[in-house]
Amino acid sequence: EYSYDSTWFDITKNNIKSFIANQRWETQNEVLFFEGNQFIIDEKTKTSLQSLRLFLNEGQDVTWKFRNGFSILTYEQFIKFYDFSINYIQDCFKEEHRLTNLISSITTLEDLINFDFTENWPKNIF
């Protein structure tokens with residue numbers, strides 16, 4: 001038998017949520033691969049992607065500097081690159097949200113002990 005108070009239980013759940021949030025941050029900021037090109041989605045990259053997406057016309061090419069060199073992307077390739085990048089970020093947050101909601105729904109120590117911590121982070125390769 002193990003006894004605990006509700007404060008300890010809530011703190012434990014919050015610590016697990018913090019761990020999940022840290023994993024999301026690490027996953028979101030890992031090296032991604034788009035057609036063999038390596039990149040990280042930092043704030044500068046997100047801003048550049050969004051700006052280009054707004055003003056790029058169909059048929060235009062984009063010169064993009066990846067971690068492993070420059071690449072010229074066709075309009076269609078850029079749209080795929082943009083969609084992959086934005087969806088990757090969103091999928092990271094969706095998974096954090098899913099896991100956090102599962103933790104929030106736990107009401108007993110037994111459920112917490114038996115919780116399935118299987119994560120479904122998005123793939124980092126397009």
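Visitor: How do α2 and α3 sit, oblique or roughly parallel to each other?
Guide: This is a predicted model, and in it α2 and α3 pack at an angle of about 135 degrees. Angles over 145 would count as roughly antiparallel and 65 to 115 as roughly perpendicular, so this pair is oblique.

Visitor: And how far apart are the axes of α2 and α3?
Guide: The axes are 11 Å apart, and the crossing is left-handed.

Visitor: Which residues of α2 and α3 meet there?
Guide: From α2 you have Lys-46, Leu-49, Gln-50, Leu-52 and Arg-53. Among the α3 residues they meet are Tyr-75, Phe-78, Tyr-82 and Ile-89.

Visitor: OK, switching to α1. What do its buried residues pack against?
Guide: They pack against α2, α3 and α4. The buried set in α1 includes Phe-9, Thr-12, Ile-16, Ile-20 and Arg-24.

Visitor: What about Thr-12, what is its relative accessible area?
Guide: It's 17%, under the 20% limit, so Thr-12 counts as buried. A polar atom of the Thr-12 side chain lies 2.8 Å from the backbone oxygen of Trp-8.

Visitor: Last one: Glu-96, buried or exposed?
Guide: Buried, at 14% relative accessibility. Glu-96 lies in α3 and touches Ile-20, Ala-21, Arg-24 and Trp-121, leaving aside residues up to four places away in sequence.

Methods
Residues numbered from 1 in each chain as written. Predicted model: local features only at pLDDT ≥ 70, side-chain atom pairs only at ≥ 80, totals over all residues. Heavy atoms only, no water. Helix = DSSP H or I, 4+ residues; strand = E, 2+ residues; numbered from the N terminus. Buried < 20%, exposed > 50% of the residue type's maximum accessible area, 1.4 Å probe, protein only. Contact = heavy atoms within 4.5 Å. Polar contact = N/O pair within 3.5 Å; in protein donor to acceptor, adjacent residues only side chain to side chain. Axes fitted to C-alpha atoms, helices over the stretch in contact; angles between N-to-C directions. Parallel < 35°, antiparallel > 145°, perpendicular 65-115°, else oblique. Left-handed = near helix turned anticlockwise from the far one by under 90°.
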